[in-house]
Amino acid sequence: MTLSLRTVRTPVVSTPDRRRSAGPARTDGWWPWAFVAPLFLGVCVFYLWPILQTVYFSFTKFGVFGGQTWIGAANWARLVQDPDFYRAILNTLIYSAIVLLGIPVAVFLASLINRPGLRFASLYRVLFFLPYIAMPVAISLVWRMMFNGDFGIINYALSLVGIDGPHWLSTPGLALISVSLVGFWGSFGLAILILGAGLKNIPVELYEAAELDGATPWRRFRSVTVPLLSPSVFFVTIITIIGSFQLFDALYAMLGPNNPVMPATQSLVFYFYENGFIRNDKGFAAAIALAILVIIGIVTVIQFRLQKRWVNYD
Amino acid sequence: MMNRISPHARLRRRGWLTGIAALGLAGLLAGCAGGGSPAEPSGDGYTPPAKDFAAEITYGVWDQTQVDAINANIEGFNKEYPNIKVNVNVTPWGDYWTKLQTQGSSSTLPDIFWMNGPNFQLYASNGMFEPITSIVDGGYIKPADYPKALIDLYTLDGVSYGVPKDFDTIAVWYNKALFAKAGVEVPKAGWTWDDIQTKAKAISTALSGDGIYGIAAATDGQSGYYDTILQAGGDVISADGKKTGYGTPEAAAGIQFWTDLITSGASPNIQQLSDTPALTWFTSGKAAMFQGGSWQRNAMVQSDIKDDVQVVELPKGERQATVIHGVANVVSAKSANKQAAQALQVYLASKAAQEQQGEMGAVIPAFNGTQQAFVDSIPQYDLQVFLDAIAYSFPYPVSKNTSAWAGLEAEILLPAFNGDVSVDKANAELATKVQAALDAE
């Protein structure tokens, strides 16, 4: 490889054309690579190599005690014919959609918290951020207790106003919504933190100018805050979607074993777990894992394409 | 699921910490004890090692709560073989099987380790265990000393690989106070399916104002539908592990038993049991009966209702039946110190070792006639019923890849228990799918 690290390091300084022609001549030699080597090796050994192996495993029948037999595309054929796979995709999309609804709310909350002169601003920030640092399983177990159909606090509160609450976590359809609501609630912390940082970068003068022009607070929010915040919103959207496609622990801990709605509620990663670790079918599970990778990749590419329409980098 | 999960929360938490500590210790020991004497080739037949035989072996187990009793056993073993050093390696249940599978793949299994029924055939059919044939032929272990159903559990194609160290059976725990409150007579030995249905319904009706149910239905195999299918005269998996009993009228009757309890209102429904586990319904005084295992005695005696609890044998269907399960010690076929490991296997199977396990309150020992300590452990409960159950016990249903079909059962049966799907439809679906999984083995 003759690529100079300088081209990677300073993408803004010179135009791409000039750098490309000058690159090989002004190469930095081998030693910058020595600095990246530890990381590079780590990425190869712990990411790239396992991914390549997973590709291979997805075409094999994986013996319980090691040993793979090549079976061609049989795992993949089975995957695309399995109704559970599509069910898991649909469930994951529903979950992601509900969690994404949290982003507009987070934008609103972040701009409230970042209003100049707000008292206890750090307290609010801590309160919203706490769910993010708490263990997902611990959170899920507390919500599980609150959602309990017979003895949970939510149904108790509903009973006070004469409503007979449902079994939130064991009724088909409702269970996924309940888990999604917890994901929705839990996504605020990080989003508010990132959006808050984005808000701080918006020049105060713009608000002052808008105010002089007679803009109402709502108008200032819509015409100044939202467009200038869009890069942060875009970033939050990307990580939220990737995170919600990996839904597993909340589902696992909140629904629990012996839950009648689990088959209809499982996410993609749960579907992977069940086949790989419960049914011991690791070759098939490898195919599922790759499918998840591809799906997340496609969704992310689509997002990058769409961002040109709404993300404002100026 | 399996009995060893059941005392979970406590076991798991403690297991973690001590597991890490044990791991560190084991590493330290391995570091210090460089080069024990190389193993002598054990040949085909087992002969006890010489008294001064020197070796270092690892004993893999998953239950931290039993380590004290295990250490006491090893102390006794070292009186016989002072130079065989045994390192006990505790891996908490949650990681035990994952780790064991990895060790099996890389031929680094512990020299001797615990095995359970659902996993046994998978390992045995892949040649992971040393058979106990020569040990039995030499008269060092006598299979007749242990419950027959458990010997069968650890036998594949006529070859035995281990004998049980302990066992557990199923019975019905009940709450005397709730029976009295509802004015229903408490169950007695010799009761039937009709009795349990009638009593449960009567209690639910009488105490519905307090939100109390007659029974909290068991939704798992071991303490639920496996027992009732056997009681109806059927079986879940044939003895040779090739054919499923699902699809038969007996299996339908065994499933219907639970559907009747739930749809009649005698038990909370599946949604309620999913939100709050059956054992919790019972120990918080919200259900008068609970079909469960001998291992639940600790949960009972630690609960707020401990003085109201009593236990009675399972009700009779077409016949009397319970599932029996126990853990066995097995020796790795690839152990470098096979002779020493087998010597420990023989010692742990002995009457003295098992009696000690029972006296230290760890488990119900499997050696016939050593179980009195278990019965005496909580005198106010009639724990004898769990021992009497051996007489009518059947091995826990397993096949070569138990987990391939065991996952299907809950998925298909739960809607049937709730009455959302007809029992016949679920039974037929299980027959097809479980048989397909068995055929794929």
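Author: Start with the domains of chain A. Chain A is divided into domain 1 (5-57) and domain 2 (81-310). Such bounds come from an automatic or database domain assignment. The C-alpha centres of these two domains of chain A lie 34 Å apart. Before going on, note that this is a predicted model, where local features need pLDDT of at least 70, side-chain atom pairs count only at pLDDT 80 or more, and totals for chains, interfaces and linings use all residues. Residues are numbered from 1 along each chain as its sequence is written, chains are lettered from A and ligands numbered from 1 in the order in which they are written, and side-chain values use heavy atoms, with hydrogens and water left out.

Reader: How many residues of chain A are in contact with chain B?

Author: Contact means heavy atoms within 4.5 Å. Here 22 residues of chain A touch 23 residues of chain B in that sense.

Reader: What is the area buried between chain A and chain B?

Author: Buried area is the accessible area (1.4 Å probe) that two parts lose on being put together, summed over both. For chain A and chain B that is about 2000 Å², and carbon and sulfur atoms give 52% of it. In chain A, Phe65(A), Asn258(A) and Arg279(A) lose the most area to chain B, together 34% of what that side buries.

Reader: How many salt bridges and polar contacts does the rule find across this interface?

Author: Side chains of opposite charge can pair when their charged atoms come close. A salt bridge needs a side-chain nitrogen of Lys or Arg within 4 Å of a carboxyl oxygen of Asp or Glu. Between chain A and chain B there are zero. A polar contact is a pair of N or O atoms within 3.5 Å; within protein, one must be able to donate a hydrogen and the other to accept it, and residues adjacent in sequence count only if both atoms are side-chain atoms. Nine residue pairs across the interface of chain A and chain B are in polar contact (both at pLDDT 80 or more).

Reader: Where does a salt bridge occur, then?

Author: One joins the side chains of Arg78(A) and Asp281(A), at 2.9 Å, N to O. Arg78(A) lies in helix 4 (residues 74-81) of chain A and Asp281(A) in the loop between helix 16 and helix 17 (282-310) of chain A, so the pair ties together parts that are 203 residues apart in sequence. Helices (H or I, at least four residues) and strands (E, at least two) are DSSP runs, numbered from the N terminus.

Reader: How is chain B divided?

Author: Chain B has domain 1 (3-168 + 326-369) and domain 2 (170-323 + 399-439). Their contact takes 14 residues from domain 1 of chain B and 10 residues from domain 2 of chain B. About 1000 Å² is buried between these domains of chain B, with 46% from carbon and sulfur atoms.
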